[in-house]
Structure formats: structure tokens, C-alpha cells
Amino acid sequence: MNIYLHELKSYRKSFLIWSLSLVFMVWMGIVEFLSSKGNNSLSEMYNNLPPSLKTLMGGGDFDVSTAIGYYSILFIYIELTVVIHAALLGVGIISKEERDKTIEFLLTRPISRNSVLIRKTLATFTQILLLNLVLAISSILIFNTNSETPIITGLLKLMIGMLLLQILFSSFGLFMASLKKQHKTAGSIVISVVLVTFIMSILTDLHKNLRFLSHLTPFRYFDAKTLLLESGFKLGYILICIFLSILFLFLSHYFYNKRDLSL
Amino acid sequence: MSVIEINNLTKYYGKSRGIIDVSFNVEAGEIFGFIGPNGAGKSTTIRTLLGLIKPTSGEALIFGKDCFTEGKEILKDVGYLPSEVFYYEGMKVIDLLKYSASFYKKDCSRRIYELAEIMDLDLNKRVEELSFGNKKKVGIVQGLLHEPKLIILDEPTSGLDPLMQQKFFELIRQENQKGVTVFFSSHILSEVQKLCNRVGIIKEGRIVKIETIENLRSENYKRIIVETDTVLSHDYFNIEGVSDFTTNNHTYSFLYKGDINLIIKKISSLNIKNITIHEPDLEEIFMHYYEKGE
């Protein structure tokens with residue numbers, strides 16, 4: 001309990017900054033949305049965009065004159081931000097102890113490495129869930145009140161999908177930080193994986209013959225187009241996500257338990 | 001009963017040497033000095049004892065339990081003061097100490113204030129505002145607040161002013177009188193000499209000697225300095241028991257351990273100008289172990 005609370009406390013500031021940035025992104029979105037509402041210019045412009053540019057904005061044939069349609073375009077970048085947060089948090093919560101050399105203090109308390117890792121994992125999950133809620137609530141408050149049709153159902157779907165990605169990438173972060181002795185290496189590997197899979201998700205949309213790769217990038221599992229315009233959640237993808245998260249968490253324990261700590 | 005039991009402990013970091021085949025015991029209630037030059041393997045040994053690193057081979061036991069796999073149980077009764085203290089920035093000293101105390105299932109607050117008083121520590125400062133010496137004081141309070149049965153000290157006095165060093169030694173002595181075992185690692189001989197009953201000397205990863213301070217002193221080493229008026233052959237004093245041999249012009253200086261008659265006969269056959277024979281100080285004996293084999 002003490003480690004869990006200690007972690008939450010030490011992340012207060014950083015969490016606040018991430019939250020505010022997200023709310024700001026959403027708020028910028030609504031400002032733009034409202035300014036273009038009423039004249040159809042925005043949706044005309046969007047529909048006339050070349051497909052490759054559309055892809056960069058989520059790729060779907062969204063009706064950008066509706067709040068949820070507009071939000072979906074905004075969403076892929078919000079999601080990328082939130083996933084980066086989750087991944088960095090997963091790496092950081094483990095590796096900061098070695099970076100700041102506080103690991104010697106922590107692990108000379110009477111507590112097993114497993115317990116340390118479990119508490120840190122819980123603190124990570126708490127924060128990603130809270131960030132998800134902050135985003136969900138601020139989006140609902142900001143977008144829903146400015147939309148004729150309620151967007152809550154669609155939005156909840158997006159948030160659930162995003163939460164699965166957050167769990168997946170933070171678990172991956174925890175795993176890499178437990179595996180690697182050098183905290184810088186772990187951090188750069190994790191960020192590279194986030195960016196590569198993100199770019200992959202756009203490329204697979206752009207080139208039809210790359211489509212088979214879309215199974216390899218989690219960003220395609222729960223994107224707005226699939227969730228809102230197409231088939232919705234696919235059980236297979238949910239299971240892959242859960243399976244990989246559990247695998248990463250399991251491996252993080254395995255490696256953290258047996259490795260030398262860098263001091 | 002042995003509090004610490006180390007059997008054939010070896011640790012390699014990849015290919016580089018940590019410690020090789022280290023074995024010794026620390027008995028309950030003693031103050032054991034662990035001495036050696038920098039890089040000899042003192043910290044490696046301590047980190048293995050604390051379960052921070054995994055031995056390549058051999059075993060380390062504290063209270064009869066394995067240090068790497070049963071650390072959680074062991075550490076309940078171990079207080080550790082690292083050579084360099086690092087704490088969470090942004091925390092107040094008192095919050096840090098309370099955080100540390102929260103890991104032990106007992107009320108430590110009385111002891112925190114007691115120790116802070118003795119060490120003259122300001123509890124309301126933030127960790128990052130503290131000087132090196134003050135951080136060390138936090139380390140001392142943090143290492144003792146749960147009233148451990150074994151105290152492991154890794155170069156504890158660096159950064160402390162002489163007055164604080166004295167208070168600290170007093171504190172350690174008091175704990176020891178209560179029956180607490182102390183493992184004291186240092187490269188400063190005088191403080192080990194002051195405090196310890198027994199010492200282990202480590203050099204280049206290997207234990208070279210384990211001896212009581214008393215025996216070390218009474219081991220009958222003599223420092224002999226002879227001045228002659230002729231040049232002696234290079235190996236004149238190359239007999240058993242002579243070590244640390246240096247020569248300067250016609251002056252020959254060495255440590256001798258063995259039958260005093262032998263060496264006196266050897267010297268008496270020379271035409272000497274001057275001679276001094278005295279007890280070497282402990283420092284010299286240690287240097288002798290440090291340098292042996294080089």
C-alpha cells in the first residue's frame with residue numbers, strides 16, 4: 001500500500017500536465033468544430049481530400065459535420081498521445097528508481113521484488129485508467145453539449161478500445177524496463193515500438209497490399225473507423241490484447257526477479 | 001551463532017571480476033571490519049548480502065537464510081547504510097523516514113526523533129536541499145530506525161564531520177552493546193581499528209586474511225631498519241619472514257615475522273652503522289596485505 005500511494009503521489013504533477021494537455025487538445029477540437037459548423041465547408045473540404053490525407057486523419061468516411069465524426073478524426077492523435085503516456089509511464093515507474101539510484105533504498109526494505117512490481121503495476125494501471133476517465137469526461141462535457149445527437153455511446157466505445165491499448169503498451173513498458181538494465185535503452189525501445197506501430201497503422205491503410213500487416217499493429221485493433229463505422233469490437237483483437245498484456249506482465253516479473261540491479 | 005555466513009561466494013559482472021571464492025562468517029554480537037582498497041570487492045560483497053545482485057556461485061546467508069531468495073525475511077532485521085545515499089527528491093526528510101518506517105511492522109516514530117536528535121538532523125528539510133553529510137545523517141537514521149539486529153555499513157563516515165563521526169561511532173557501540181551485530185566496510189583503517197573486534201581483508205576480489213584486531217597487533221611483526229657502510233648483495237635479507245623490503249643507499253628496511261634470533265644473527269654478521277627495530281603500526285600490516293603478491 002505504501003509504495004502504491006508513494007507512486008501516485010510522486011506522479012501527481014506529471015499526471016496533471018498530461019491531463020491538462022489532453023483537455024486542451026479536446027477543447028481546441030471543439031473550437032474548430034464549432035467555427036466550421038453551420039457552413040458545410042469543413043465536411044466538403046474533408047470529403048474532397050485525397051485518400052492518403054484522409055488516411056492520416058483516421059481514414060474513415062466520417063461525416064465531419066457531426067460531433068462524433070469530427071471527434072473520430074481528432075481521436076487518432078489523442079489516442080497516440082495517451083498511448084505514449086502509458087508506455088512511458090510503464091518504463092519510467094520501474095527505471096526511475098535505477099536512474100535516481102533510489103532502488104538501493106527501496107530493495108533493502110523487507111519487501112520482495114514481486115511485491116514492488118505488483119504495486120508499481122497497480123499504480124500504473126490506476127493512472128492510465130484515470131487519464132482515460134479524464135479524457136472521457138472532458139470529451140463528453142465539451143463535445144456532447146455542443147452536439148445535437150448524443151455521442152456518448154460512440155465515445156465510450158472509443159474509450160474502451162483506448163484503455164485496452166493503454167494496458168497493452170504500459171505492460172510492454174513495464175516489461176522492457178524490467179528486462180533492460182539501461183533505462184535509456186528501455187525508454188527508446190518502447191517509444192520506437194509505439195511510433196513504428198502507429199506509422200504502420202497508417203501505412204496499412206494507405207496501401208491495400210499492406211493490409212495483412214494491420215494485424216500486427218494494435219493501433220488498428222480499435223480505431224475509430226472499425227469501432228464506429230464498421231464491425232465494432234472484434235473479439236480476436238481483444239483477446240490478443242489481453243493475452244499480450246498478461247504475457248508482458250508475467251515476463252516483467254520473471255526478469256525483474258532474477259536480474260542484478262544496476263547501481 | 002553466525003549471523004552472516006558466506007561460502008565460496010563468487011560474482012562476475014559479465015567477464016569482469018567482482019569477488020572470487022570469498023568465505024567468512026560474522027558471529028552474533030561482534031563488530032566485523034571489512035577492509036580493502038577501492039575496487040577490491042567490498043561493495044559487491046555487501047550488495048550480494050542485501051540481495052541486490054545474484055551471486056555467480058557460492059552462497060551468502062544471513063540469519064541462516066539465503067540472501068537472494070529470502071531477502072524479504074532477512075531485511076526485516078537488517079539496517080543498511082550505503083556509502084552514497086540517494087533519496088526521492090521532493091520529499092521532506094521526515095516523510096522519507098516515515099516512508100522507510102512504513103515497511104516495518106512496528107512503530108518507529110519514537111526512534112526516528114531520538115536518532116534525529118542525536119545526529120542533529122533537521123527533519124523538515126527537503127531531501128534535495130541536503131548536503132552530502134546531511135544526507136548521510138538521514139541514511140544513518142533510516143538505517144537504525146527499525147532497531148535492526150544486524151547493521152551493515154558501507155563506508156559510513158565519508159562526508160561526516162569529526163564530531164558527527166564520533167557520535168556515530170558512539171551510536172554503533174551502543175547498538176552493539178545491546179547485542180546488535182555490525183558489519184563495517186571501510187578503507188579507512190583507523191576507524192576500523194577503533195571499532196572492530198575482527199577484520200577481514202579483501203584484495204582484488206579475494207579474502208587475504210581474517211584475523212582479530214588483537215592478533216593482528218600481536219602477530220609479532222617487527223619493522224627493522226638497518227644501516228650499513230657497505231653495499232649488501234641484493235638477496236642478503238631474502239630469507240623467510242621478510243617482507244615489504246625496501247632499500248635506499250645503505251639503508252635497508254623490512255617487515256620481519258619469525259624467529260627473532262635468526263634475523264639478529266644475520267644482522268650481527270654485518271658491520272652496521274645503525275639499527276632500529278620497532279612494532280609496526282597496524283597501517284603497515286594492512287599495507288603489507290594489500291601489496292602482497294604485487
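Student: How many bridges join strand β3 of chain B to strand β8 of chain B, and do these strands run parallel or antiparallel?

Tutor: Strands of a sheet pair through backbone hydrogen bonds, either parallel or antiparallel. Here β3 (residues 31-35) and β8 (residues 181-186) of chain B run parallel and are joined by 5 bridges. One bridge partner in β8(B) is B:Val182, which faces B:Ile31 in the pairing. Two strands count as paired if DSSP finds at least two bridges between them. Helices (H or I, at least four residues) and strands (E, at least two) are DSSP runs, numbered from the N terminus.

Student: On what conventions does this reading rest?

Tutor: The model is predicted: local features need pLDDT of at least 70, side-chain atom pairs count only at pLDDT 80 or more, and totals for chains, interfaces and linings use all residues. Residues are numbered from 1 along each chain as its sequence is written, while chains are lettered from A and ligands numbered from 1 in the order in which they are written.

Student: How many residues of α1(B) are buried?

Tutor: A residue is buried if 20 or more other C-beta atoms lie within 10 Å of its own, exposed if 12 or fewer, and partly exposed in between, with C-beta atoms placed from the backbone. In α1(B), 8 of the 8 residues are buried, so the helix is largely enclosed by the rest of the structure. Among them are B:Lys42, B:Arg47 and B:Leu49. Across chain B, buried residues make up 36% of the 294 residues.

Student: Where is B:Gly36 placed, and what is it in contact with?

Tutor: B:Gly36 lies in the loop between β3 and α1 of chain B. It counts as buried because it has 25 C-beta neighbours inside 10 Å. Two residues are in contact if their C-beta atoms, placed from the backbone, lie within 7 Å. Leaving aside neighbours within four places in sequence, the contacts of B:Gly36 include B:Lys42, B:His187 and B:Ile202.

Student: How do α2 and α5 of chain A cross?

Tutor: Two packed helices are described by the angle between their axes and the distance between the axes. The axes of α2 (residues 12-36) and α5 (residues 67-99) of chain A come within 10 Å and cross at roughly 160°. The two helices are therefore roughly antiparallel; under 35 degrees counts as roughly parallel, over 145 as roughly antiparallel, 65 to 115 as roughly perpendicular and the rest as oblique.

Student: How many residues does each chain bring to the contact between chain A and chain B?

Tutor: The contact takes 18 residues from chain B and 18 residues from chain A. On the side of chain B, α2 (71-75) and α3 (93-101) each supply at least two residues.

Terms used. Axes fitted to C-alpha atoms, helices over the stretch in contact; angles between N-to-C directions.
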